[in-house]
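Please keep the structure open beside you as you read.

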Amino acid sequence: MIKLTLIVPTYNLSHYFNETLQTIANQTEDFELWLVDDHSTDGTAEKAAEFVKGIPMFHVEQFDHHHGVSAARNFGIDHATGDAVAFVDGDDRLHPDFAKTIITGFQKETPAVTVGYQWWHTPMEQQDHYETFSQQMMFRQASQRGSEIGGYVWNKAFSLPAIRQQQLRFDESLTIAEDYLFTTTYIAHNPGIYLYDPAIRYTKINRPNSTLRSRSAAERRVEDQVFDRIYRMGAQLAKVTGGAS
């Protein structure tokens, strides 16, 4: 049986966190949980500590000062014990079968499993089934803004042994596009058949004060630089694979 670890960074999530915790509690499969609080000051950390009480597979870590979401995710990677890891944003919502869909997919020996999500768009087809993607196809999806699969980490799960073998980390110097860089770097180094279930298993919540809505012009320039790195990585992958689709 595949063991899944959910890594959930949290920081001043206010009332949004309550619904996220409820959807975590409603999962139909067992999993390991790491709630990593990035020095919240609004009661989020206390909610996290209360939520994990009495559940051996659930853990919480509270940073003594603010480090950023990448540091929280990296802490989760360092302490996870699962075969696969999924990164969930602490203000989002999970379908009850989120964990089940990932666990079932990893039983098919894939480098990663992606699920359908609801945000500014919904998948064109939402039937609950696994579609297969080559490494090159998955990289193209993950390196394009606005693609159905995207480069986000929150609608995906990755092999933890592969992450550790690659010594892959989230770049803690970035405040934008760190997820795209992580996802595409992972794909570029892990050949195989990737799985995508377009059924909606993840709902992204738009918070008025979210980091996504407060990005500066300088951060947008950094984002462009990150995507330049990603495009160069894609060109190198195409050479290695011969451009196979």
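Predicted model: local features only at pLDDT ≥ 70, side-chain atom pairs only at ≥ 80, totals over all residues.

How many bridges join strand 6 to strand 9, and do the two run parallel or antiparallel?

1. Six bridges join strand 6 (residues 112-118) to strand 9, and the two run parallel. Gln 118 has Thr 203 as its bridge partner there.

2. Strand 9 also pairs with strand 5 (residues 93-94), through two bridges and in antiparallel fashion; Leu 94 is partnered by Tyr 202. Strand 9 spans residues 194-203, and nine of its ten residues are buried.

3. Now for the rings: the whole structure holds 21 aromatic pairs. In one of them, Phe 87 and Phe 158 have ring centres 6.2 Å apart and planes at 55 degrees, so the pair is tilted. Phe 87 belongs to strand 4 and Phe 158 to strand 8, so this pair ties together parts 71 residues apart in sequence. Phe 87 is buried at 0% relative accessibility, and Phe 158 is buried at 1%.

4. Phe 158 also pairs edge-to-face with Tyr 186, at 4.9 Å centre to centre and 75 degrees between the planes. Tyr 186 sits in helix 7 (residues 178-188), 28 residues from Phe 158, and is buried at 0%.

5. Do look at the aromatic cluster too; among its members are Tyr 117, Tyr 202 and Phe 227. Arg 145 lies over the face of Phe 227, 3.7 Å from the ring centre. Elsewhere, the charged end of Arg 73 sits over the ring of Phe 170, at 5.1 Å from its centre.

Key
Residues numbered from 1 in each chain as written. Heavy atoms only, no water. Buried < 20%, exposed > 50% of the residue type's maximum accessible area, 1.4 Å probe, protein only. Helix = DSSP H or I, 4+ residues; strand = E, 2+ residues; numbered from the N terminus. Pairing = 2+ DSSP bridges. Phe/Tyr/Trp six-rings, centres within 6.5 Å; stacked < 30°, edge-to-face > 60°. Lys NZ or Arg CZ within 6 Å of the ring centre and 35° of its normal.
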